[in-house]
Amino acid sequence: MKKISGMQSVDSTEAIAVMHMPKHFCDLGDDEGGAGLDASFQSPKRILVLDGIQDPGNLGTLIRSACAFKWDGVFLLPACCDPFNEKALRAARGASLQLPIISGNWCDLHDLVTRYGMKMLAGHPESSSDGSEKTHVLSKELADSLMSESLCLVLGSEGNGLSEETVQACDLVSIPMEGIFESLNVSVAGGIFLFMLQPKQQTYSRISTP
């Protein structure tokens, strides 16, 4: 069986597979009255928000990590690549078909945050140079202090980083590094954030395992 996109014609094709959009996916651009949020999330505690992630391999890997650490879903802001791109699906290893994925704009995200009383954090490559109180260093102490809160974690694009709207709306959190590099690949950094900030019951179950 071949991909339709790679065919010159269908004259000699023996079979064509049609993929229906998974029920866990919702494009809020087609939604009325916020029904998509209610259908996708029920009192979410952890939502991963991707802001302009354009590399399908990174996007798929982040979805896979979010699923592995029991986050409740993924919210895609504009300029993100298609989560059902072939490379993204391959990197996600099936997580795209298990985790709720919502595509929407900033108004939709603010609706989500307000509706469920969520705190917004954003991964940032380094601490703010002006000593802003909004900038924190990722640590066990910080993770413990946020354990009982509902969180949205925003990760920015590979090239441009966080959008100005994200910087203004979120508390910035950086991963402490002592090496010569200033930042990590977004999927690597995302995996660290997702593990450290994973839901309470998931963290405790891992700690209590002999």
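## Close-up views of a predicted model

Figure 1. Strands of a sheet pair through backbone hydrogen bonds, and the pairing can be parallel or antiparallel. The chain as a whole comes to 8 helices and 8 strands. Buried residues make up 45% of its 210 residues. Of the contacts between residues at least 6 apart in sequence, 85% join residues at least 24 apart.

Figure 2. Strand E2 (residues 46-51) and E3 run parallel and are joined by 4 bridges. Leu50 has Leu76 in E3 as its bridge partner.

Figure 3. E3 is covered on both faces. Gly73 and Phe75 are buried on one side, and Val74 and Leu76 are buried on the other. Leu76 is also the bridge partner of Leu50.

**Figure 4. The buried and exposed sides of helix H4.** Helix H4 (residues 106-116) has the buried residues Trp106, Asp108, Leu109, Leu112, Val113 and Tyr116. They cover an arc of only 160° around the axis, which puts them on the same side of H4. The face turned away from this buried side carries the exposed residues Cys107 and Thr114.

**Figure 5. The two ends of helix H4.** At the start of H4, a side-chain oxygen of Asn105 reaches to within 3.0 Å of the backbone nitrogen of Cys107. Just after H4, Gly117 takes a positive phi of about 60°.

Figure 6. Leu194 is found in helix H7 (residues 186-196). Is Leu194 buried or exposed? Its relative accessible area is 0%, so Leu194 is buried. Leaving aside neighbours within four places in sequence, Leu194 is in contact with Leu48, Leu62, Ser65, Ala66, Phe69, Trp71 and Leu153. Leu194 and Lys70 are 124 residues apart in sequence, while their C-alpha atoms are 9.1 Å apart in space.

**Figure 7. An aromatic pair.** A pair of aromatic rings is described by the distance of the centres and the angle of the planes. The count for this model comes to 1 aromatic pair. Phe69 and Phe195 form this pair, with 5.6 Å centre to centre and 65° between the planes. Planes over 60 degrees apart count as edge-to-face, so the pair has that label. Phe69 lies in the loop between H2 and E3, and Phe195 in helix H7, so the pair ties together parts that are 126 residues apart in sequence. How accessible are the two residues? Phe69 counts as buried at 16% relative accessibility, and Phe195 counts as partly exposed at 40%. Phe69 is also one of the residues in contact with Leu194.

**Figure 8. Two loop residues with positive phi.** Most residues other than glycine have a negative phi. Ala79 is not a glycine, but has a positive phi of about 80°. Ala79 is placed in the loop between strand E3 (73-76) and helix H3 (86-92). The relative accessible area of Ala79 is 53%, so this residue is exposed. Arg93 is not a glycine either, and has a positive phi of about 55°. Arg93 is found in the loop between H3 and strand E4 (101-103). At 56% relative accessibility, Arg93 counts as exposed.

Key. Residues numbered from 1 in each chain as written. Predicted model: local features only at pLDDT ≥ 70, side-chain atom pairs only at ≥ 80, totals over all residues. Heavy atoms only, no water. Buried < 20%, exposed > 50% of the residue type's maximum accessible area, 1.4 Å probe, protein only. Arc of directions from axis to C-beta. Polar contact = N/O pair within 3.5 Å; in protein donor to acceptor, adjacent residues only side chain to side chain. Contact = heavy atoms within 4.5 Å. Pairing = 2+ DSSP bridges. Phe/Tyr/Trp six-rings, centres within 6.5 Å; stacked < 30°, edge-to-face > 60°.
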